[in-house]
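Trainee: I have a model open and would like to go through it with you. Can we start with single residues and then move to the sheet?

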Amino acid sequence: IEETIEPLRLPFDERFDARDPRWVPFLNYWRLNAEQWAWNPDGGAAGGCLRHDAAAGVKEPERGAHDAAIILRGGEGWTDYAFEASAFAAGGRFGLWARADLQDEGAGNCRWVQGYVFLLDPTHRVCRLWRARKDGHIAATAGGDATPERNDFANPVVVAEAPLPAAATYGRWTRLRLDVRAASIRCSIDGEQVIEARDDLFESGSVGFFAYRGRDVRFDDVRVTPAP
């Protein structure tokens, strides 16, 4: 699978005015299906958008997608960059992936995922920086013991968190930014930096979007530029 991916160069822009097959959803889980991610020609901040709804394509809405992700293929070799996008949601949690990758191991096995997620949770008025777990990585627990990690799409590590700015609410477009440069990671909302952290587990990877029990989650106006 990886050998067929055409590498993308920075800067990269995406308006979502038409379906782009380079954006690949994580689907290898029973709650997930392709209909939950859709291209909408007129629902964006200006023009089209990429849209997610956890209940799309399922008979029982409450059994729809919990964690859901979609990744841009071709940016796996990117290292230091700034990822900006506009986001809108009517409910749930949503945010950006950086240094992201996913892999289908074949034979029906689950895909692994890597990277960092900048997540907004307007219900609880908090934003978080998550890190995917990595198979075999030895990490210290809260008690100080070192234990090996196992990659699990629905069980990330919380790197940092902060209060959500008052303007970041459901029903309005918000400009999100995730900067990664070496081990430095910075997260911003509408131009205001809310999280600054350090983590060096993932050194490269593409960009993507995340939603948790999302209702009418939309993404638009993607811009990825090399770090200065």
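Trainee: Where is the place of L27?

Mentor: L27 sits in the loop between β2 and β3 (37-40). Strands here are DSSP runs of E, at least two residues long, and helices are runs of H or I of at least four, numbered from the N terminus. Before going on: this is a predicted model, in which local features need pLDDT of at least 70 and side-chain atom pairs count only at pLDDT 80 or more, while totals for chains, interfaces and linings use all residues. Residues are numbered from 1 along each chain as its sequence is written, and side-chain values use heavy atoms, with hydrogens and water left out.

Trainee: What separates the C-alpha atoms of L27 and A65?

Mentor: They are separated by 9.9 Å, and the two residues are 38 apart along the chain.

Trainee: Now the sheet. What is the strand order?

Mentor: The order is β2-β5-β16-β7-β8-β9-β12, in an open sheet of seven strands with antiparallel pairing. β2 (23-25) and β12 (157-163) are at the edges with a single partner strand each, so one side of each has no neighbour in the sheet. From one strand to the next, the twist averages 20°. Axes are lines fitted to C-alpha atoms, for helices over the stretch in contact, and angles run from 0 to 180 degrees between N-to-C directions.

Trainee: How many bridges are there between β9 and β12?

Mentor: Six, with β9 (residues 126-131) and β12 running in the antiparallel sense. Two strands pair if DSSP finds at least two bridges between them. W130 has V158 in β12 as its bridge partner.

Trainee: And E161, where does that lie?

Mentor: E161 is in strand β12. It is partly exposed, at 48% relative accessibility.

Trainee: Change of topic. How many cavities of 30 Å³ or more does the structure hold?

Mentor: One. The largest cavity has a volume of about 60 Å³. A cavity is a set of points on a 1 Å grid over the protein atoms alone where a 1.4 Å probe fits but cannot get out, and lining residues have an atom within 4 Å of a point. Grid points are joined across faces, edges and corners, and the volume is the space filled by probe spheres set on the points.

Trainee: Which residues line the largest cavity?

Mentor: W97, V117, W130, R131, A132, D152, F153, P156 and F210. Seven are nonpolar, none polar and two charged. Ala, Val, Leu, Ile, Met, Phe, Trp, Tyr, Cys and Pro count as nonpolar, Asp, Glu, Lys and Arg as charged, and the others, Gly among them, as polar.

Trainee: How many aromatic pairs does the structure hold?

Mentor: There are 10 aromatic pairs. One of them is F12 with W78, which is tilted, at 6.2 Å centre to centre and 50° between the planes. F12 is in strand β1 (residues 12-14) and W78 in the loop between β5 (67-72) and β6 (81-88), so the pair links distant parts of the chain, 66 residues apart. Rings of Phe, Tyr and Trp (its six-membered ring) pair if their centres lie within 6.5 Å; planes under 30 degrees apart count as stacked, over 60 as edge-to-face and the rest as tilted.

Trainee: Are F12 and W78 buried or exposed?

Mentor: F12 is buried, with a relative accessible area of 5%, and W78 is buried too, at 7%.

Trainee: Which residues form the aromatic cluster?

Mentor: F16, W23, F83, F209 and F219.

Trainee: Last topic, the backbone. What is phi of D190?

Mentor: Phi of D190 is near 50°, a positive value in a residue other than glycine. D190 belongs to the hairpin of β14 and β15, which has two residues between the strands. Six bridges join β14 (residues 184-189) to β15 (residues 192-198). R125 also has a positive phi, of about 55°, and lies in the loop between β8 (112-121) and β9.

Trainee: Which residues does the cis peptide bond join?

Mentor: L10 and P11, with omega about 0°. Most peptide bonds are trans.

Note on methods: On a 1 Å grid over the protein atoms alone, a cavity is a set of points where a 1.4 Å probe fits but cannot get out, and a pocket is an open set with protein on both sides within 12 Å along at least five of seven lines; lining residues have an atom within 4 Å of a point. Buried means under 20% relative accessible area, exposed over 50%, partly exposed in between (1.4 Å probe, protein chains only).
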